[in-house]
Amino acid sequence: RPRRWTWAVGGTAIAAGIAALVMPLAMAPVSAAYTVQTAPGENRTVTLADGTRIDMNGGTTLRLDRNDPRVASLDAGEAVFTVHHDSARPFTLHSRDLAVQDVGTVFDVVRNNKRLYVAVAEGAVSFQPGRDALLLKAGDALVARQDINQVERVPVAIDAVGGWRSGRLTFNGTPLVEVAAAIRRTNGADVRFDTDLSARPFTGMVRLTGDAAKDIHQGLPVTPAGGHGPTTQPGATPEGNK
């Protein structure tokens with residue numbers, strides 16, 4: 001069914017009628033589908049039969065098929081894909097009814113509810129491959145908001161792509177609720193913001209050391225529960241893994 005997307009380019013919204021591409025999984029005649037999951041704070045690396053490596057962040061659900069290593073589905077969470085390029089059989093990653101396809105690539109993908117984030121560190125990917133494809137090259141990132149049918153392309157520092165693997169989380173105008181989700185995936189800390197803060201954008205880097213309360217206090221303009229010292233915004237409450 002045709003879907004009306006709004007493409008945000010340089011701060012200007014451009015309406016474009018784009019047919020949502022629902023690409024069926026190219027399954028082998030005999031399916032050998034399986035699911036790989038990680039808990040919040042747990043990292044895992046999966047190597048496919050074709051040599052493609054997938055570094056999974058915490059809180060991630062990935063669906064794969066042993067009989068077809070050229071397709072995958074990201075249901076939730078975050079993963080960095082280092083794809084073994086094969087021009088005859090491109091690697092395709094599905095996430096609900098959206099898809100990206102490699103053009104010889106290292107890229108990071110985040111699925112958080114109705115938001116899909118794609119950032120390219122090497123090579124290129126095709127978003128929604130087909131007639132309405134949008135090509136992302138190294139240094140490009142994309143935010144697709146399926147709740148409002150909006151796609152926005154933004155720049156990203158190449159060395160920040162997949163930075164969670166070394167404990168560096170970099171954000172550029174990211175709502176604090178998404179920042180909290182990224183922290184939870186990476187180290188399992190449950191960070192919650194007051195409702196009036198959750199939509200506020202944050203630009204900066206959070207370096208995770210394993211001490212959640214300290215990391216949040218130093219990295220974000222908020223005060224953790226029980227925290228002290230100068231701040232610009234109150235309201236963050238780290239719970240659970242502290």
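How many helices and strands make up the secondary structure of the protein chain?

## Overall make-up

The model described here is predicted. Its protein chain contains three helices and 19 strands. The chain has 242 residues, and 48% of them count as buried.

Among contacts in the protein chain with a separation of 6 or more, 45% are between residues 24 or more positions apart.

In soluble globular proteins, nonpolar side chains tend to be buried together. The largest nonpolar core in this model has 28 residues. Within that core, I54, F81, L93, F107 and F127 touch the most other members. Strand β7, which covers residues 71-82, gives the most to this core, namely four residues. Apart from this core lies another, with 26 residues, including A119, A121, V143 and L220.

Neighbours within four places in sequence aside, I54 is in contact with R44, T45, V46, L48, L62, L64, A79, V80 and F81. One of these partners, F81, is also among the residues that touch the most other members of the largest core.

## Helix α1

Helix α1 runs over residues 176-187.

The buried residues of α1 are L176, E178, V179, A180, A181, A182, I183, R185, T186 and N187. Just after α1 comes G188, which takes a positive phi of about 80°.

## The largest pocket and T174

Rolling a probe the size of a water molecule over the atoms shows where empty space is left. In this model the largest pocket holds about 750 Å³ of space. Its lining is made of 35 residues, and the closest to the pocket centre are R115, Y117, T170, F171 and T174. Several elements give two or more residues to this lining: β10 (106-112), β11 (115-122), β14 (140-145), β15 (150-155), β16 and α1. The largest share, eight residues, comes from β16.

T174 belongs to strand β16, which spans residues 168-175. Is T174 buried or exposed? Its relative accessible area is 11%, so T174 counts as buried, the cut-off being under 20%. Not counting residues up to four places away in sequence, T174 touches R115, V179, R200, P201 and F202. Of these partners, R115 is also listed with the residues closest to the centre of the largest pocket, and V179 is one of the buried residues of α1.

## Residues in loops

A32 sits in the loop between β2 (12-19) and β3 (33-37). With a relative accessibility of 22%, A32 counts as partly exposed, because it is not under the 20% cut-off for buried and not over the 50% cut-off for exposed. Although A32 and L64 are 32 residues apart along the chain, their C-alpha atoms are separated by 8.3 Å. Leaving out residues up to four places away in sequence, A32 touches L64, D65, R66 and N67. L64 is a contact of I54 as well.

A138 lies in another loop, between β13 (134-137) and β14. A138 is partly exposed too, with a relative accessible area of 35%. The C-alpha atoms of A138 and A157 are 9.0 Å apart in space, while the two residues are 19 apart in sequence. Beyond its neighbours within four places in sequence, A138 is in contact with V120, A121, E122, G123 and I158. One of these, A121, is a member of the core of 26 residues.

N113 is found in the loop between β10 and β11. Its relative accessible area is 55%, so N113 is exposed.

Note on methods:
Residues numbered from 1 in each chain as written. Predicted model: local features only at pLDDT ≥ 70, side-chain atom pairs only at ≥ 80, totals over all residues. Heavy atoms only, no water. Buried < 20%, exposed > 50% of the residue type's maximum accessible area, 1.4 Å probe, protein only. Contact = heavy atoms within 4.5 Å. Core = buried A, V, L, I, M, F, W, Y, C linked by side-chain atoms within 4.5 Å. Expected span 1.5 Å × (residues − 1). 1 Å grid on protein atoms, 1.4 Å probe; cavity = no way out; pocket = protein on both sides within 12 Å on 5 of 7 lines; lining within 4 Å. Points joined across faces, edges and corners; volume = space filled by probe spheres on them.
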